[in-house]
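My notes follow, in the order I made them.

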Amino acid sequence: MPVGPRPPEVSVAGFEGPLDLLLELVEEKKLDIFTVRLGELADGYLERVRAMASLPADEVSAFLYIASRLVLLKARSLLPSIATATEEDELDTEEELRLRLIEYATTKGRAAALGDRMRAGERAFHREGGTVELPPKGGDPDALAAAWQKVLALTKRSEEEVEVPGERYSVEQRTAEIEALVAEQPSITFATLLGERPTLGYAIVTFIALLDLYRRLVIDITQDELFGEIRVERKVRRMEGLTE
Amino acid sequence: MTRSITAAAVEAVLFVAEKPVSRGELAKTVGANPKAVSEALAELEEWYRGTGLRLQHEGDDWQIVTAPEMAPFVATYLGADRLRLSAAALETLAVVAYRQPVTRAEVESIRGVNCDQTIYTLMSRRLIEELGRREAPGSPFEYGTTWEFLECFGLSSLDALPTVLSPEGVRSDDGVVVPDK
């Protein structure tokens, strides 16, 4: 895979490249792409290239390559005698450059058509998966056991790290805390309530406190999708009458 | 007008499919021969005209997708972002879409500039992909468009690529062959 970080794209003075510049000269002068003597565009082309600010080296070479071919075509038309000397090299003929220009013009037209579709935003969507739940095929029971071992190892390690237990939470205290939080902000996530690395006791107390608040109609608990964030929300006002 | 049993069966299978289903697999699944499946697909295509759904296919792979005309509503519901591409990326995409399979050198020859960056952008957006290596000196990668490309541009298939008139009014969609360097 030849994909990797690349330097940012450099836009060259409003042109996508040497062929783009050449095409613009043809269009500016309202010339016919099929009959224009390309050598006649050499001066205008060079003028534009000179006017360009500093270009990256590989861009310059692409522009100069086309420039040199235009100058050669112009020279040939002025001095027909030099034509025979190089005409064997078919790549240097006017027709080849013209074909490239026409091909490029076509590409530009197609790109514009695609761009129109893109901007119109008329795209299709397919159905996203997740509605049909089937057990995964070819599951490896050993993998499950290995995963469980990892989980066990994790809990063992965190037990070792937490050497100062002694912390005690009461459900009443946690309930009051959450009630105060929810009074301040209309919505809070379960993850936020648990904090970064909750101890088992803290998680259980928080969870029971939430159940209690839910039972007393102080809060609403919502979850938009399976395994999504659980949101704890202050119960809307109209329900307050029911709590009495 | 009611759908044939085969068309109804094909529709039901495509409805639950989460990815494109080949005609062969459809035939096997619904117990019909490939020709009957083709007819069923044509029937469905006709049936969906003017509805919120349509059939999309690349080669022999088929899927039910939403109609591009309904994109604004679906995008709102899904919270989907608009696709944005630079003019340079669009040009490279146009070359790949209309002339695939195509190598990087061929794209660069047509555009007259280096296309590393735009090819990288299009690949990372999953609009084009490597199809494999060409049996040629240096065995360069060949690129083609993806299923996502059809979807993002609302094309029911590659046959639906817009036909473009060249500035002179000559239809040049068959492509002008650029001699190899």
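Before the sheet, a definition: I call two strands paired if DSSP finds at least two bridges between them. Helices (H or I, at least four residues) and strands (E, at least two) are DSSP runs, numbered from the N terminus.

The model is predicted: local features need pLDDT of at least 70, side-chain atom pairs count only at pLDDT 80 or more, and totals for chains, interfaces and linings use all residues. Residues are numbered from 1 along each chain as its sequence is written, while chains are lettered from A and ligands numbered from 1 in the order in which they are written.

**Entry 1: the sheet of chain A.** I found that S1(A) pairs with strand S3 (residues 230–234) of chain A in the antiparallel sense, over 3 bridges. Ser187(A) sits opposite Glu233(A) of S3(A). The whole sheet is open, has 3 strands in the order S1-S3-S2 (chain A), and its pairing is antiparallel. Strand S1 (187–189) and strand S2 (219–223) of chain A each have a single partner strand, so they stand at the edges, and one side of each lacks a neighbour in the sheet. On average, neighbouring strands here are turned by 25° against each other, direction ignored.

**Entry 2: helix H7 of chain A.** Helix H7 (residues 171–184) of chain A packs on this sheet and touches S1, S2 and S3 of chain A; its direction makes about 75° with that of S3(A). For such angles, axes are lines fitted to C-alpha atoms, for helices over the stretch in contact, and angles run from 0 to 180 degrees between N-to-C directions. I then checked H7(A) against helix H9 (residues 200–215) of chain A: their axes come within 8 Å and cross at roughly 65°. The residues of that contact divide into 7 nonpolar, 2 polar and 3 charged. My classes: Ala, Val, Leu, Ile, Met, Phe, Trp, Tyr, Cys and Pro are nonpolar, Asp, Glu, Lys and Arg charged, and the others, Gly among them, polar.

**Entry 3: chain A overall.** I noted 10 helices and 3 strands in chain A. From the N terminus they run α-α-α-α-α-α-α-β-α-α-β-β-α.

**Entry 4: the two chains.** Which residues are in contact? Those whose C-beta atoms, placed from the backbone, lie within 7 Å. By that rule, 48 residues of chain B are in contact with 41 residues of chain A. H5(B) gives the largest share of the side of chain B that touches chain A, 8 residues. By class, that side has 29 nonpolar, 10 polar and 9 charged residues.

Terms used:
Contact = placed C-beta atoms within 7 Å.
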